[in-house]
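Me: I would like to learn how to read a multi-chain model step by step. Could you walk me through it?

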Amino acid sequence: MTMPGWLRSIEFAVDLSFVNAKGWFLDLLGKFLPGWIVVLTSIVISGVVILCMGPIIMMYLTLLERKLIGRIQNRYGPNRVGIWGLLQPIADGIKMFTKEDIVPANADKLIHLLAPIVIVIPALMVFLVVPFGERMTAANLNIGILYFIAVSSITTIPIFMGSWASRNKYSLLGGMRTAAQMISYEIPMTLSVVPVIMMSQSLSTNTIVMTQCGDVDLHWFVFTPWGLTGFMIFFLCAVAECNRPPFDLPEAESELVAGFHTEYSGMKFALFYMAEYMNAFTLCGIATTLFLGGWQGPFLPSWLWFFGKTFLLICVMIWFRGTFPRFRVDQLMGFAWKFLLPLTLINILVAGLWQFVPERTAWLYSVPILIVSLWTLVKLNRHFVPEKRAYPLAD
Amino acid sequence: MEILTIGAKFGVYIVMALVLVFALGVVTLRNLFHSALCLAAVLVGTATVYLALRADFVAAIQILVYVGAVMTLIIFAIMLTEHLGEKTIRQTNRQSPAAILGLLGFIFMIGLVILRTPWPVTKRALATGTSVMSLGKALMGSYVFPFEIISVILIAALIGAVVIAKKDPEEKS
Amino acid sequence: MMFGMGILKGLWVTLKNFVTSYFCKPGSGGIFTVQYPEERCAEFENFRNFPFLVYDGSPDKIRCVACGICERECPPKCISITMATDAAVPNTVDQKNIKVGAGKPARRPEIFNIDYSLCMNCGMCEAVCPFDSIYMDHAFETTAMGNRTDLLKHKEDLLKSNDYFLKVRPTLAAAVTEKRRIAEEKKRAAAQPPQGPAL
């Protein structure tokens, strides 16, 4: 796209404004202080920005969700606390801070305390590899995606800790179900990322975004058959990883009281809540980097594109919440193991085909393969009615 | 900048010490769940040590496989046993002092062997880093046979687990 | 049609709902929330809340004669009535040398208390009153700001004019007023000496 030179320079300036601001500040420091303090400060600035941005994003995400769900359900969301309810998250925060922290008498106090703390850590650590803009990845690791998958798989352990330490049968059931759901959905999620890694020849998130660049015709991975399938699978697994409806059986209010966070109140519950929403945000962020082209986009600054695409995906997650009933636990597991997993394997096959065959014929081969496999899997997964239990002593 | 490297070195030593402490916790704590969590901490600490030795891929895989999957399995297994709430697991018995003496002797011998072996630590070996690409090429190139065997074993284990866990077909009376 | 059609239809329904909630009117797909202190629902006539007493013109002309029927019929017994007694007319005695008017029951209530905390809004007092004096009001913002004993309403709190009655319950009040007017006229016609053909 040809743009006038002055517009282009303005675009660059706005695009790199945060990076330039940080660089200017570090230069300023470098005049007075020795080099190692500047390096440390650079790390600390990234860390502090993430630590501030994460909870603020989470707070306004909760407000966005309540307003959107309200509109879907034909009612206003919260609109009393500020205009459009903009101060509602602050009111919620004050409420969470000042609630009494109740620990069950029989609970394992140390683990009850540690579980919400440990669950927030992976949620925050994933922010390191998310490329928010052109040069705005906090840590450009060369194992970026693997780091993301590894760190988000740690999340199952604090769920166990939380459910076990509460000494409550509902918590235990909820915790087991959550853990089972999370590890089942990690596998299709990881496998659906593999075609992206194959195509971009690298695990680094920045490189993956750069591979999807193109000026006019967008080379986003979602516009290819394997990319589209991979995106759908990744998105569904992301919704399941965050325990969001329709996959929210672990914290289903009508069935398990509140699942593994039943016995938590006040700030500890706020930490669980925060971890869930930050997880949702980072998973959507990673989905946009992997499949939707990250911060690529024609006119607007790169971080604006990134946040726009991520919020679009978050709105889709909220839309799912307002639309679908909950999965039953056997349907949940069956969906992951019997439907998504074979589909990811076929997706990898198709992506491999794409790599070695020129583009036109690749479309000709991959689309029928994917459609046929999808149809076969649907037919094989038909309508399962669990067997009726016989209660011999009841008659 | 040397301050940073010295600081990093101290940090790694502290992490190693913590790993040893948690490992002791695994074998001496009386509450089984706590010792499982100490094991998770040991594995995370080991991954940090890998990171300090610049083996980033191995560190990530360690966390993904060990902490994400194996620990989940261990905790599931622990949760399905009984008597977990009470602190009744005794970790020592009457033979413990003799065993500790034997262990100390073993550590001494192993330490001697480690310190006296001429390890092939050359400048060239230290300078090469492993990349994911070279690992992938090696797995698919020179080590493809073990790779396939491992895959077959995993499938056999999976099928075996499913068969064991399946309900037996009930005989209709 | 194809697999997944139900999901897509569901998503379409919620999306449509989301979009129309911004544009449409409450009746046809828009948001029908009435945001209470700023907007209120339209009142309808037969909404019954707590009772009130009707007076014609000025608070002395109270219609209630303290017959006590509503007190007896009230299911939770929240009404308590004490009939007024005439004060003695000074320096007047009748044939039996008793002061005129002393202690004679007057046909109006001196104490008329309704305990709003007991009242169950059933409307039976309205149904049984023979003198068209107690009716169910619409006012629902009757919280007691101070003490719960503020919910015991006395006669002064309960008296409201006939114009108010006409405003809140137009058809019923119009019918009652019409009936009373006709009764008045008949009484006036009966009280006049009969006018026969001119003698």
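Me: What share of the contacts in chain B with a separation of 6 or more comes from residues 24 or more positions apart?

Reply: Happy to start there, with the reminder that this is a predicted model. In chain B, 54% of the contacts with a separation of 6 or more are between residues 24 or more positions apart.

Me: How many helices and strands does the secondary structure of chain B have?

Reply: Chain B has seven helices and zero strands. Reading along the sequence, you get the pattern α-α-α-α-α-α-α. The radius of gyration of chain B is 22 Å, well over the 16 Å that the globule rule gives for 173 residues, so chain B is more spread out than a compact globule. The C-alpha trace of chain B spans about 80 × 50 × 35 Å along its principal axes, and 13% of the 173 residues count as buried.

Me: Which domains does the assignment give for chain B, and how far apart are their C-alpha centres?

Reply: Domain 1 covers 1-89 and domain 2 covers 129-167. The C-alpha centres of these two domains of chain B lie 25 Å apart.

Me: Now the chains together. Which pair of chains has the most contacts among the two pairs that touch?

Reply: That is the pair of chains A and B. Chain B and chain C have no contact, and their closest C-alpha atoms lie 29 Å apart.

Me: And how many residues does each side bring to the contact between chains A and C?

Reply: In general, the size of an interface is often given as the accessible area lost when the parts come together. Here we can count residues instead: chain A brings 10 and chain C brings 11. On the chain A side, helix 3 (35-72) and helix 12 (302-323) each supply at least two residues. Helix 12 of chain A gives the most, with three residues. By class, the chain A side has five nonpolar, three polar and two charged residues.

Me: Last one: at what angle do the axes of helix 7 and helix 8 of chain A cross?

Reply: Two packed helices are described by the angle between their axes and the distance between the axes. For helix 7 (residues 156-165) and helix 8 (residues 169-200) of chain A, the axes come within 8 Å and cross at roughly 170°. That makes helix 7 of chain A roughly antiparallel to helix 8 of chain A. Residues of helix 7 of chain A including Ile159(A), Phe160(A) and Trp164(A) meet residues of helix 8 of chain A, among them Leu172(A), Met182(A) and Ile183(A). By class, this helix contact has seven nonpolar, seven polar and no charged residues.

Conventions: Residues are numbered from 1 along each chain as its sequence is written. Chains are lettered from A and ligands numbered from 1 in the order in which they are written. This is a predicted model: local features need pLDDT of at least 70, side-chain atom pairs count only at pLDDT 80 or more; totals for chains, interfaces and linings use all residues. Two residues are in contact if their C-beta atoms, placed from the backbone, lie within 7 Å. Helices (H or I, at least four residues) and strands (E, at least two) are DSSP runs, numbered from the N terminus. Ala, Val, Leu, Ile, Met, Phe, Trp, Tyr, Cys and Pro count as nonpolar, Asp, Glu, Lys and Arg as charged, and the others, Gly among them, as polar. Domain bounds come from an automatic or database domain assignment. The radius of gyration is taken over C-alpha atoms; the globule rule is 2.2 Å times the number of residues to the power 0.38. A residue is buried if 20 or more other C-beta atoms lie within 10 Å of its own, exposed if 12 or fewer, and partly exposed in between; C-beta atoms are placed from the backbone. Axes are lines fitted to C-alpha atoms, for helices over the stretch in contact, and angles run from 0 to 180 degrees between N-to-C directions. Angles under 35 degrees count as roughly parallel, over 145 as roughly antiparallel, 65 to 115 as roughly perpendicular and the rest as oblique.
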